[in-house]
Amino acid sequence: MLHTLRVVLALAGMVLASVSGAMAAEPILIGVPVIFTGPGAFVGEAEKNTLEMLGEALNAKGGIEGRPLKFIYYDTEGKPDVAVRLFKRLIEKDKVTAILGPTASWEAGPVKPIAEKEKMPTIMLASARAIIDPVARWVFKTPVEDRIVVARLLSHIKSAGLDQIALVTSQDGFGDGGRKEILEQAPEHGIKVVFDERYTMEDADLTPLLNKLKKTEAKAVVNWSSSRAPIVFAMNYKQVGLTLPHFQSHASLSRSFLAATGANSEGIVVAGPKFEGGEFLPDGDPQKKIIADYKAAYKAKWGKDANQFGAGAHDAFMILTAALRKAGTDPEKLRAAIEETRGYIGIGGVYTYSATNHGGLAKDSVVMYRATGGGWQLLK
């Protein structure tokens, strides 16, 4: 009896020690400064939902070498000054190991030098080329860059015999990046920009600008903006009676854009990542299953459809956690491990980083879509 009691006590002690050790494991802190309020709130929501879903699954399997991941979320409100303040707080006060974010290109520019100065491994969830060109040792990103999207879009426009375009862009980091790429690349595709106007993200009525555009010799119109601006543009486009072929940036490539614009989006053409048309990809495409699995898991977890912004967070999570498993939390070793990512098949494309390429994606990550019947039709 005494022997049995000793065995029971010993086993109980082992269990308690095991539980105590698990509870004592220091979490790996990951900062996530993204947009949770305002017109871009749906972007931050998708990113957070995705990270929570993936983090929960990872922690249930023991985390990283027994250490759970813990995310520290902050709302940047879509404001560069707020993003800068919160980025610094994550580094100086919260002592995070890495940062995933921010969301918007106009936030990414101001925080890029901070990440570099503080030597903080950062994978941004914004798309502007300026994020990774010039290359900063500590800054990476997952969304496809505007340079690649613009190249695909202009190639399609030219193949349709449209050699004169009107260009309209928003006055922010995202709009500025797209405008710069289009103006630089258009001559290479034999396309002339005959109208070049900008507007602010706060503009709620673009009909004066569009009426001015109607008087030009443009054969097609390209609008490059994000958040709610593409919706305003699409609604006003039909209101002023414009019938020219209408192209939008990849920021509009979502079901929420189609729901908000209704029949006004019919016929709009967009170049963007494969996510939205994943089910229509050929079976041999390595991204098809990954996209399908993510969409199904997100729907089951949250009861709503995933979007391309959450998909960017998915790829950032996978790249970061693979690097953490390989290198641990030492900043320089972790940074190097992210940079050594080779051939990772993600939702956004096949990622291969290097010392000179912190975007990781190639032209084959972008396809063409047309808004048709309330959905996005994948164009061949």
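Guide: Let's start with H2 and H11, whose crossing is right-handed. This is a predicted model, by the way. The axes of H2 (residues 41–60) and H11 (residues 308–327) come within 8 Å and cross at roughly 35°. On the H2 side, the residues making the contact are Phe42, Val43, Ala46, Glu47, Thr50, Leu51, Leu54, Gly55 and Leu58. H11 answers with Phe309, Gly310, Ala313, His314, Phe317, Met318, Thr321 and Arg325. Sort that contact by class and you get 10 nonpolar, five polar and two charged residues.

Now hop over to H4, residues 105–118. H4 does have a kink of about 40° at Val111, shortly before Pro113. Val111 is also buried, as are Ser105, Trp106, Glu107, Ala108, Lys112, Ile114 and Ala115 of H4. What covers the buried residues of H4 includes helices H3 (80–92) and H6 (173–185), plus strands S4 (122–124) and S5 (139–141). Just after H4 comes Lys119, with a positive phi of about 55°.

One last stop is Gly267, in the loop between helix H9 (255–261) and strand S10 (269–273). Gly267 has a relative accessible area of 32%, so it counts as partly exposed. Setting aside neighbours within four places in sequence, Gly267 is in contact with His246, Arg370 and Ala371. Tyr369 sits 102 residues from Gly267 in sequence, yet their C-alpha atoms are 9.5 Å apart in space.

Conventions
Residues numbered from 1 in each chain as written. Predicted model: local features only at pLDDT ≥ 70, side-chain atom pairs only at ≥ 80, totals over all residues. Heavy atoms only, no water. Axes fitted to C-alpha atoms, helices over the stretch in contact; angles between N-to-C directions. Helix = DSSP H or I, 4+ residues; strand = E, 2+ residues; numbered from the N terminus. Left-handed = near helix turned anticlockwise from the far one by under 90°. Contact = heavy atoms within 4.5 Å. Nonpolar A, V, L, I, M, F, W, Y, C, P; charged D, E, K, R; others polar. Expected span 1.5 Å × (residues − 1). Bend = angle between axes of the 7 residues up to and from the residue. Buried < 20%, exposed > 50% of the residue type's maximum accessible area, 1.4 Å probe, protein only.
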